[in-house]
Amino acid sequence: MKNNLPSRKKLNKTIAIIGGGGTGCALAWDLSLRGFSVLVFEKGELTSGTTGRHHGQIHSGARYAVGDKNIARECMEESILLRKLVPEAVEFNGGIFLALTDEEADYTDTFIEACHEAGIPAQEISIEKALQFEPLINPHCKRCVTVPDGTFDAFRVPLSFAAGARMLGAAFYSFHEVVQLDTVGNKIISLIVTTPEGKQQSFAADFVINAGGAWAKQIAALAKVHVPVTPAPGTMVAVKNRFTDKVISRLAPPGDGDIIVPQRELSIIGSTQRVTDNPEGLLPLPEEISFLLKRATELIPAFSNAPIHAAWSAARPLAGEGLTGSGRSLSRDFMIVDHSDAGITNFISLIGGKATILRAMAEKAADYASEKLGEQTYCETRTIVPPSWRNYYTYKD
Ligand SMILES: Cc1cc2nc3c(=O)[nH]c(=O)nc-3n(C[C@H](O)[C@H](O)[C@H](O)COP(=O)(O)OP(=O)(O)OC[C@H]3O[C@@H](n4cnc5c(N)ncnc54)[C@H](O)[C@@H]3O)c2cc1C
């Protein structure tokens, strides 16, 4: 691992990124290291979309190992890398899956085998051992499996990447909403942005990447193209008290209310899933809150007496369409949509994925953009340690 930022060759090409969530920040870091001039537009504060509202679980991929193998493998690889690249934003705490019913106990062998196939070192431990690690888990659980899950800071990981990009010259425009994409022929030539003062400003770019998460469809529509993204809101409830150090999950196929993540002095139970057309201003539903608290109590009985700290919702930017209600038919993997097929040759959308794999998503999209721009570049984000998240705020252009 290197932690210096050597001066780099500048390419004479500007890439505009729409969306300052984890995906946009990781993209800005990767593209800046490759030598591109980078502009990032975010309609709110950085990470104010889904990125600033998730549980902060660093996924080992175990949750997805049985049904969604690709994302499981990516999570495992990226969770190892994130621990090396942004150690100050990651807890080295681990996770335990608990089987609470006979059906879940029967599922355990399938789960462990699938984890091993995805490269995830899942290991069954005795209930006594699990209780030694975490005395407050349900003592009536039937089987327990440890996995390398963990906790990370939802804000600081992207901010580290943004700090690195900024130090290499990337310009971040918070509170700048992209409201128009001007095209000439088959290319976007400029982005029209509303500034915090309510004025319209135009920015030129050679290439545009839509990293708008659950808003990606609305952003793509500005260039009259389509992105198959499904905004799928989920609710989380945080209670006061950190009941466990490890992430505690239900040993069952992914469903609602099956993960408890310790975050600082809080414990967060998540989540639920519904579908919406509009990811703006989401609020938790009362029935989601009571459902989640009931489910949390099954994993950690002490949850029932804990004072609620907060409840909130955020929308997953699921890649694909056709999902109804709480169904889990859409993969959690990511997708690059090239809008050349719809007639715009310098525009791609990067959708789906997980916060855990933001670096990998950026690598693939930056490879793709470089090739489309005819530039021979390579990814360095696996080995170069970005600066501290604190540098994002202290760095002056
Ligand atoms: C309930 C829930 C729990 C989750 N838990 C986890 C977890 O524990 N671990 C994990 O790894 N992943 C988790 N995820 C997934 C993860 O949160 C997302 O995959 C990730 O945050 C998406 O990041 P993003 O940058 O693509 O989107 P966002 O963070 O939403 O960024 C998109 C940005 O685009 C901006 N934008 C939109 N329109 C415009 C415009 N016109 N102009 C300028 N800016 C615009 C938005 O304001 C937003 O900030 C969870 C998701 C949900 C919903």
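**View A. The buried side of helix α7.** Tucked away in α7 are Glu288, Leu292, Arg295, Ala296 and Leu299, all buried (under 20% relative accessible area, with exposed meaning over 50% and partly exposed in between; 1.4 Å probe, protein chains only). Their arc around the axis is only 105 degrees, so they sit on the same side of α7 (the arc is taken from the directions from the helix axis to the C-beta atoms). This is a predicted model, where local features need pLDDT of at least 70 and side-chain atom pairs pLDDT 80 or more, while totals for chains, interfaces and linings use all residues. Residues are numbered from 1 along each chain as its sequence is written, and side-chain values use heavy atoms, leaving out hydrogens and water.

**View B. The other face of α7, and its cover.** Pro286, Glu287 and Lys294 are exposed on the face turned away from the buried side. Covering the buried residues are, among others, β5 (95-99), β14 (229-240) and β18 (308-319); contact here means heavy atoms within 4.5 Å. Helices (H or I, at least four residues) and strands (E, at least two) are DSSP runs, numbered from the N terminus.

**View C. Where the two domains meet.** Domain 1 covers 10-54 + 154-228 + 320-397, and domain 2 covers 75-151 + 229-319, with bounds from an automatic or database domain assignment. In domain 1, 46 residues are in contact with 34 residues of domain 2. The rule finds three salt bridges across this interface (a side-chain nitrogen of Lys or Arg within 4 Å of a carboxyl oxygen of Asp or Glu).

**View D. A salt bridge up close.** Arginine 359 and glutamate 78 pair up through their side chains, 2.8 Å from N to O.
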